[in-house]
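Here is a short report on one protein model.

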Amino acid sequence: MPRLRDFLELHFIVFLWGFTAILGKLITIPAVELVALRTSITALAIGAIIYKRGTPFWMGRVQAIKLLGVGFIIAAHWILFFAAARVSSVSITLVGIATCSLWTALLDPLFSKTKIKPHEILLALLVIFGLYIIFQHETEFDSILGITMAIGSALMGSIFTIINAKLVKHIPSTTITTYEMTGACLGTVLFFPIYTTYFAEGGTLNFSMNSMDWVYLMVLALACTVYAYTASVRLMQRITAYTMNLTVNLEPIYGIILALMIFKEDEQMSSGFYLGAAIILLSVFIYPILDSYDKRRKKLKQTFPEQVVVGED
């Protein structure tokens, strides 16, 4: 039975996730170097938690390679996420990343070989309409590039979320995270040669950080990643998945409000952006409601097939 304290902690966790893009913009080093440091610190911290708890770690060579491979996808997800915030704004990045849940709704049937639900197609079209409005009004190259990168980040995020949903059924979540953060760090390091050749300013890596950068990085790695992740898993034991998903949808709302408070005029967008963002966020909020209704309707039809058929006629 969930307590008020559980719901308050859940909102605090979502608040921290909404703060992630802001921290990514406040830290002065580039996105690729930032991801390398974040993943290494997170892997070491969760690895220490596993050691203290005595959680099983070695999953066998094949399973370990799979988990490390998922880490490569996470690396791409975070690099695109932080790069989007750098080239455009936190608000644009969070609107793009809000499409993650709908990407998951469209891709999960492909992985599980089930049919796509009609309401998922409808909401996907609604998201496309919202993005169309944003692209119509935000004509600057940086804005277009930023939201495109954020949508790509959301796509990567939906893929590893779907994979993790299957893995967590038979592997401890902390073990999964340690392998995947290690894989994300390794993937980022392997990307360094390409990055320095084609993308890095001056063709060199930049790990030069001031004292505040380290403070922001520790908050990002330990509070927004290690604590938020382990606490959310713990809360899932008492709070329903529906409530979790609905609350997590507040992440872009919290993030955009915080960005407007912290960066002020740098986060001011056109009226078209806010209209398109509202349409996208509306679709994200509507999805779990429609999905829950669809599941109840199907369950009712299986339990009382004759009554449902008569009612539908």
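## Cysteines

How far is the sulfur of Cys185 from the closest cysteine sulfur, and which residue holds that sulfur? The distance is 19 Å, and the partner is Cys224. Cys185 is buried, with a relative accessible area of 18%.

This is a predicted model. Across the whole structure, a search finds 0 disulfides. Cys100 is in none either. For Cys100, the nearest cysteine sulfur is that of Cys224, 17 Å away. Cys100 is buried, and its relative accessible area is 18%. That value counts as buried because the cut-off is under 20%.

## Nonpolar cores

The largest nonpolar core has 64 residues. Phe82, Val95, Leu217 and Leu220 have the most contacts inside this core. Helix H3, residues 61-87, supplies its largest share, 9 residues. A second core is separate and has 9 residues. Ile13, Ala228, Ala231 and Leu250 are included in that second core.

What does Leu217 touch, beyond residues up to four places away in sequence? Its contacts are Ile27, Leu34, Leu37, Arg38, Ile41 and Met209.

## Helix H9

Helix H9 covers residues 211-235. Its 25 residues should span 36 Å at 1.5 Å a residue. The end C-alpha atoms are 34 Å apart, which agrees. H9 also has a kink of about 35 degrees, centred on Ala228. Ala228 is also a member of the second core.

At the start of H9, Asn210 makes a side-chain to backbone approach. A side-chain oxygen of Asn210 comes within 3.1 Å of the backbone nitrogen of Met212. The buried residues of H9 include Asp213, Leu217, Leu220, Ala221, Cys224 and Thr225. Further along the list are Val226, Ala228, Thr230, Ala231, Ser232 and Leu235. An α-helix has 3.6 residues a turn, so residues three or four places apart point the same way.

## Met156 in helix H7

Met156 lies in helix H7, residues 141-167.

Which residues does Met156 contact, leaving aside neighbours within four places in sequence? They are Ile73, Ala76, His77 and Leu80. Trp78 is 78 residues from Met156 along the chain. The C-alpha atoms of Met156 and Trp78 are separated by 8.9 Å.

Note on methods: Residues are numbered from 1 along each chain as its sequence is written. This is a predicted model: local features need pLDDT of at least 70, side-chain atom pairs count only at pLDDT 80 or more; totals for chains, interfaces and linings use all residues. Side-chain values use heavy atoms; hydrogens and water are left out. A nonpolar core is a set of buried Ala, Val, Leu, Ile, Met, Phe, Trp, Tyr and Cys residues joined through side-chain atoms within 4.5 Å. Buried means under 20% relative accessible area, exposed over 50%, partly exposed in between (1.4 Å probe, protein chains only). Helices (H or I, at least four residues) and strands (E, at least two) are DSSP runs, numbered from the N terminus. Contact means heavy atoms within 4.5 Å. A disulfide is a pair of cysteine sulfur atoms within 2.5 Å. The expected span of a helix is 1.5 Å times one less than its number of residues. The bend at a residue is the angle between axes fitted to the seven residues ending there and the seven starting there. A polar contact is a pair of N or O atoms within 3.5 Å; within protein, one must be able to donate a hydrogen and the other to accept it, and residues adjacent in sequence count only if both atoms are side-chain atoms.
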